Amino acid sequence: MQRIQTKARESRPAGDFHACVGNTPSKITAFAYSETDLLECVLEDVQEIPDLLKQWPVVWLNLDGPGDIKTLEFFRDQLGLHPLALEDVVNLGQRPKVEAYDDHLFVVMRMLHEASGSLATEQLSLFLGRGFLISFQGDRPGDCLEALRERLRSNRGVLRQKKADYLAYALVDTVIDHYFPICDWLDERLDSLETQIVKRLTKDAPERVLATKQQVLLLKRILRPTRDVVSSLQRNDLQLFDTETLPYLRDCYDHANRLLDTVESQRDLAASLLDLYLSLAADRTNSVMRFLTLISTIFIPLTFVAGVYGMNFDPASSPWNMPELRWRYGYPFSLGLMAVVALLLTGFFYLRGWLERPKK
């Protein structure tokens with residue numbers, strides 16, 4: 001059955017999104033604004049979109065979920081969005097990228113969320129045209145764009161005085177800036193792991209370090225193509241970005257570079273934590289082995305004395321045969337001899353600093 005499904009998927013023509021999308025309609029939130037007015041509403045029907053585009057200079061449509069067939073066909077037929085890009089919208093495993101079509105740009109970003117001690121990603125697909133911006137999100141509730149919506153509602157800054165290209169920049173910048181708290185969270189996690197490893201070695205420490213390293217690598221795999229996305233937007237091949245917006249895109253590029261530098265240092269720190277754990281574990285093992293070796297060294301001469309006096313050669317046969325067997329203080333003498341040897345060796349090892357307790 002799996003082989004049959006694979007053949008069907010391979011035989012599907014490029015740009016055909018019908019087999020990839022369900023019939024559950026998306027929630028479409030519209031922000032239509034000018035410098036003085038703002039309309040925020042939830043659209044019940046996609047047929048309301050053409051009127052918004054005619055009446056307002058800038059329209060932002062945000063869809064929660066990849067959409068249903070009817071919605072995507074409307075965007076393809078009425079707004080001219082390329083079917084290949086719409087196919088990428090419903091395939092939620094895309095890496096960050098930019099694709100230029102005749103009259104619009106298609107941008108894919110990845111939004112990161114920290115959940116239950118790990119990172120989860122969500123695809124954000126953007127279509128930028130003249131006078132409109134369309135964003136497709138995943139099914140996960142909530143996003144990092146609420147601050148941008150508040151700026152539109154309160155008319156703070158110059159957002160409502162600019163065109164759709166500035167809105168696209170602001171959205172990309174918001175997604176990139178949301179990576180900074182993620183980096184801070186990873187920094188705190190690595191610092192905590194370092195403190196725990198130094199104070200006490202536990203068996204699950206390597207597993208936790210490796211899990212954190214995987215999160216760092218995930219962030220790195222997202223940031224590298226994201227930086228390329230911003231670099232591509234700066235080239236402005238379709239002239240969709242005004243010259244006034246390009247410096248802001250360069251600022252986004254600088255932010256992406258700063259994040260990449262931070263992630264590189266975090267990756268090195270995670271690798272050094274593994275080396276630190278292995279070094280401390282080896283040092284603890286060596287400390288235990290040294291302590292046991294010293295104890296064995298102390299008992300070696302004692303074993304020799306006990307072995308000599310355990311031979312039991314009869315002194316009646318020869319005066320050289322174990323004269324201490326007939327001596328009144330022979331047994332206390334042997335015990336005292338062993339005690340003196342043990343004390344001398346212990347004192348020598350102590351003065352040399354070799355009798356430290358094994359590290360816990």
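Biologist: Let us count Ala, Val, Leu, Ile, Met, Phe, Trp, Tyr, Cys and Pro as nonpolar, Asp, Glu, Lys and Arg as charged, and the others, Gly among them, as polar. How do the residues of the lining of the largest cavity divide?

Modeller: This is a predicted model. In it, the lining of the largest cavity has nine nonpolar residues, no polar ones and no charged ones.

Biologist: Which residues line the largest cavity?

Modeller: Its lining consists of Val 107, Leu 126, Leu 128, Leu 133, Ala 168, Tyr 169, Val 172, Leu 233 and Phe 241.

Biologist: And which elements each supply at least two residues of that lining?

Modeller: Strand S6 (118-129) and helix H6 (164-177) do. H6 gives the most, with three residues.

Biologist: How much space lies in the largest cavity?

Modeller: About 50 Å³. Searching the whole structure for cavities of 30 Å³ or more gives one.

Biologist: Let us stay with H6. At what angle do the axes of H6 and H7 cross?

Modeller: They cross at roughly 5° and come within 4 Å. An angle under 35 degrees counts as roughly parallel, and H6 and H7 are therefore roughly parallel to each other.

Biologist: Which residues make the contact?

Modeller: From H6 there are Val 175, Ile 176 and Asp 177, and from H7 there are Tyr 179, Phe 180 and Pro 181. Five residues of this contact are nonpolar, none is polar and one is charged.

Biologist: Now H7 and H8. Are they roughly parallel or roughly antiparallel to each other, and why?

Modeller: The axes of helix H7 (residues 179-199) and helix H8 (residues 205-235) cross at roughly 155° and come within 11 Å. Over 145 degrees counts as roughly antiparallel, so H7 and H8 are roughly antiparallel to each other. The crossing of H7 past H8 is left-handed.

Biologist: Which residues meet there?

Modeller: On the H7 side they are Tyr 179, Ile 182, Cys 183, Leu 186, Arg 189, Leu 190, Leu 193, Gln 196 and Ile 197. Their partners in H8 include Ala 205, Arg 208, Val 209, Leu 219 and Thr 226. By class, the contact of H7 with H8 has 14 nonpolar, four polar and two charged residues.

Biologist: A change of topic: how do H9 and H10 pack?

Modeller: Helix H9 (residues 246-308) and helix H10 (residues 330-351) have axes 10 Å apart and pack at an angle of about 160°. H9 and H10 are therefore roughly antiparallel to each other.

Biologist: Is the crossing left-handed or right-handed?

Modeller: H9 passes H10 in a right-handed crossing.

Biologist: Which residues meet in that pair?

Modeller: Leu 294, Thr 297, Ile 298, Pro 301, Leu 302, Val 305 and Ala 306 of H9 meet Ser 334, Leu 337, Met 338, Val 341, Ala 342, Leu 345, Thr 346 and Phe 349 of H10. The contact of H9 with H10 has 12 nonpolar residues, three polar and no charged.

Notes
Residues numbered from 1 in each chain as written. Predicted model: local features only at pLDDT ≥ 70, side-chain atom pairs only at ≥ 80, totals over all residues. Heavy atoms only, no water. 1 Å grid on protein atoms, 1.4 Å probe; cavity = no way out; pocket = protein on both sides within 12 Å on 5 of 7 lines; lining within 4 Å. Points joined across faces, edges and corners; volume = space filled by probe spheres on them. Axes fitted to C-alpha atoms, helices over the stretch in contact; angles between N-to-C directions. Parallel < 35°, antiparallel > 145°, perpendicular 65-115°, else oblique. Left-handed = near helix turned anticlockwise from the far one by under 90°. Contact = heavy atoms within 4.5 Å.
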